[in-house]
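Sequence and model come first.

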Amino acid sequence: MGLSVPLSYLMDAIDSESEFEDYGYFLDPATGAVHLLWDMRADDSDDPALFEELSARIDDFVKLPDRSTTDLYERARAFTEQAAIDERGRKKLEKACKKAARKKNISLFLAEANALGLHDQQQTYWDACDESTIRQWCTTNGIEIREE
């Protein structure tokens, strides 16, 4: 593609967590701009002419990766192993991790991490995982990341 996209745009996109093909953040290969799209229509423009122009070119856009493309339960397990926490807290976190995976509800794990005072650690870990996913995706797709 030969595009250069700011890392901050890509980090926002991965945070959208959309498993739907026609909803989420998309990269415009003509400009390198990132747009929020739904039902294959541009949702981030208040300008009707720009909205129609973007919507007409929607088939050329490339969906950016989001957390639905990652294994959040594996992420939770890996975080649990490395978290700076006492053994009692780790056991609680492990239990929450297993329960979240069993019920397919990552919020159960995140709530326990918060209750144990690990929100900042967990968020830092998640951000590092997101950045790694983004960098790999960009490498695979020939997109240069601009550090801004």
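## Threonine 80

Leaving aside neighbours within four places in sequence, threonine 80 is in contact (heavy atoms within 4.5 Å) with Arg90, Leu93, Glu94, Cys97 and Phe109. Threonine 80 lies in helix H3, residues 72-82. Helices (H or I, at least four residues) and strands (E, at least two) are DSSP runs, numbered from the N terminus.

The relative accessible area of threonine 80 is 2%, so this residue is buried. Buried means under 20% relative accessible area, exposed over 50%, partly exposed in between (1.4 Å probe, protein chains only). The threonine 80 side chain reaches the backbone oxygen of alanine 76 at 2.8 Å.

## Basis

This is a predicted model: local features need pLDDT of at least 70, side-chain atom pairs count only at pLDDT 80 or more, and totals for chains, interfaces and linings use all residues. Residues are numbered from 1 along each chain as its sequence is written, and side-chain values use heavy atoms, with hydrogens and water left out.

## Nonpolar cores

A nonpolar core is a set of buried Ala, Val, Leu, Ile, Met, Phe, Trp, Tyr and Cys residues joined through side-chain atoms within 4.5 Å. The largest has 15 residues; Leu10, Leu27, Leu64, Ile134, Cys138 and Ile143 have the most contacts inside it. Two or more residues each come from strand E1 (3-6), helix H1 (7-14), helix H6 (119-141) and strand E6 (143-146). H1 gives the largest share, 5 residues.

Another core lies apart from it, with 13 residues, among them Leu72, Ala83, Cys97 and Ile106.

## Cysteines

Cysteine 138 has a relative accessible area of 1%, so it is buried. Beyond neighbours within four places in sequence, cysteine 138 is in contact with Leu10, Ile143 and Ile145. Cysteine 129, at 19% relative accessibility, also counts as buried.

The whole structure has 0 disulfides (pairs of cysteine sulfur atoms within 2.5 Å).

Methods
Polar contact = N/O pair within 3.5 Å; in protein donor to acceptor, adjacent residues only side chain to side chain.
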